[in-house]
Amino acid sequence: MRRVTLFLNGSPKNRKMVAVYGTLSNLLSVASSKLGIKATNVYNGKVLFVCEGEPFIDPQTDSKPPEGLLGFHTDWLTLNVEGRYFTTTGSTLVNKEPDGMLAHMFKDKGQDHRGAFLIDQSPEYFEPILKYLGHGQLIVNDGINLLGVLEEARFFGIDSLIEHLEVAIKNSQPLENHSPISQKEFVRFLLATPTKSELRCQGLNFSGADLSRLGLRYINFKMANLSCCNLARTNLCCANLEQADPSGSVLDCANLQGIKMLCSNAERASLKLCNSEDPSGLKANLEGANLKGVDMEGSQMTGINLRVATLKNNCNLRGATLAGADLENCDLSGCDLQEANLRGAVFEEMLTPLHMSQSVR
């Protein structure tokens with residue numbers, strides 16, 4: 001047995017000293033007798049307060065519950081969130097975040113004709129917030145954007161939920177996959193794309209893929225990784241390979257009419273028997289491309305733009321047709337130009353002296 005001092009709810013002075021023994025019901029019975037009330041609840045702060053069931057009023061704050069919210073923490077109430085109704089208790093809304101937006105919203109007492117408190121926010125995003133406030137678990141239905149719920153949580157100032165959501169969003173992000181795209185995946189991609197739509201493969205990784213004999217006209221491969229690909233007999237008419245990396249790839253017998261390969265890295269690629277000659281006058285552009293060690297034997301390159309391109313170190317141009325090609329500032333040192341057709345080609349400001357065999361036409 002021990003003695004304690006009981007204070008009447010909300011009063012710093014109305015007190016009685018009583019003996020504590022037995023159960024809580026015994027304590028409430030003694031409190032009822034000593035203070036002249038029907039005590040039903042005990043509030044255990046720094047001292048013990050008793051009441052007849054009304055909400056606890058802290059005498060230190062010298063304040064009372066806002067008018068109309070007496071019993072708010074225990075009474076059921078209805079929320080109207082953009083026309084969708086939710087039923088909950090006041091304690092659910094304020095216990096976790098007593099200083100949050102929700103705790104202050106009800107002081108404004110904005111209510112509809114049914115007496116429901118009005119909340120002008122998205123009901124889809126509000127529902128998981130209400131569930132979290134009720135039992136502390138983040139539960140979001142399929143199809144609900146976590147980013148939307150996060151913005152609502154920030155609006156209502158529910159800091160503990162914000163942390164949960166940020167972790168959930170991070171975990172829901174797919175792992176970065178830098179593995180090459182297979183032929184099967186790419187063909188499925190091609191078939192699903194309308195014929196009149198521009199297909200953008202910019203920056204994708206096709207390294208080592210077998211794309212031979214495919215129709216890839218007008219496709220944007222800018223900055224894509226096409227290294228060591230099989231592009232033999234592929235139709236690349238007007239495709240964009242600007243700054244792409246087709247190094248070490250096989251493009252034998254490919255259609256290169258109107259192709260754009262500006263500043264691409266095609267080092268050691270095989271372009272045997274390719275055709276870039278377009279009767280309509282559309283010219284292939286390989287300006288600034290790295291063509292070191294490229295094999296262009298027997299290719300039709302009439303009018304091709306090879307300005308500032310690098311073809312030195314055993315580039316094979318044997319039998320290639322380069323009539324009218326722009327070779328200004330092009331480095332052809334060490335190239336095999338036997339039987340190449342260079343009639344009308346532009347050689348202004350060659351980086352190295354051009355030494356052609358007697359068979360060069």
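The part to examine is helix α5 (residues 146-156).

Analyst: The model is predicted, so local features need pLDDT of at least 70 and side-chain atom pairs count only at pLDDT 80 or more, while totals for chains, interfaces and linings use all residues. Residues are numbered from 1 along each chain as its sequence is written, and side-chain values use heavy atoms, with hydrogens and water left out.

Read from the N terminus, the order of elements is β-β-α-β-β-β-β-α-α-β-α-α-α-α. Of the 361 residues in the chain, 42% are buried, where buried means under 20% relative accessible area, exposed over 50% and partly exposed in between, taken with a 1.4 Å probe on protein chains only.

Two packed helices are described by the angle between their axes and the distance between the axes. Helix α5 can be described in this way against α4 and against α6.

Start with α6, which spans residues 159-172. The axes of α5 and α6 come within 9 Å and cross at roughly 165°; axes are lines fitted to C-alpha atoms, for helices over the stretch in contact, and angles run from 0 to 180 degrees between N-to-C directions. The two helices are therefore roughly antiparallel (over 145 degrees; under 35 is roughly parallel, 65 to 115 roughly perpendicular and the rest oblique). Their crossing is left-handed, meaning that the near helix is turned anticlockwise from the far one by less than a right angle, with clockwise giving right-handed. On the α5 side, the residues in contact (heavy atoms within 4.5 Å) are Leu 146, Leu 147, Val 149, Leu 150, Ala 153 and Arg 154. They meet Leu 161, Ile 162, Leu 165, Glu 166, Ala 168, Ile 169 and Ser 172 of α6. By type, the residues of this contact are 10 nonpolar, one polar and two charged (nonpolar: Ala, Val, Leu, Ile, Met, Phe, Trp, Tyr, Cys and Pro; charged: Asp, Glu, Lys and Arg; polar: the others, Gly among them).

The other partner is α4, residues 123-135, which packs on α5 at about 65° with the axes 9 Å apart. That angle makes α4 roughly perpendicular to α5. The handedness of this crossing is right-handed. From α4, Tyr 125, Phe 126, Pro 128 and Ile 129 meet Gly 148, Val 149, Glu 152, Ala 153 and Phe 156 of α5. This contact divides into seven nonpolar residues, one polar and one charged.

Leaving out residues up to four places away in sequence, Glu 127 touches Arg 84, Phe 86 and Asn 141.

Phe 86 returns in the aromatic contacts, where ring pairs link it with Phe 126, Phe 155 and Phe 156 into a cluster. A pair of aromatic rings is described by the distance of the centres and the angle of the planes. The structure holds six aromatic pairs, counted for rings of Phe, Tyr and Trp (its six-membered ring) with centres within 6.5 Å; planes under 30 degrees apart are stacked, over 60 edge-to-face and the rest tilted. One of them is Phe 155 with Phe 156, edge-to-face, at 5.1 Å centre to centre and 75° between the planes. Phe 155 is partly exposed at 38% relative accessibility, whereas Phe 156 is buried at 0%.

Another edge-to-face pair is Phe 206 with Phe 221, with ring centres 5.6 Å apart and planes at 80°. Both of these residues lie in the segment after α7 (183-191), so the pair ties together parts that are 15 residues apart in sequence. Phe 206 and Phe 221 are both buried.

The segment after α7 also holds Gln 257, which is buried at 14% relative accessibility. Its contacts, not counting residues up to four places away in sequence, include Leu 236, Cys 237, Asn 275 and Pro 279.

Technical notes
Helices (H or I, at least four residues) and strands (E, at least two) are DSSP runs, numbered from the N terminus.
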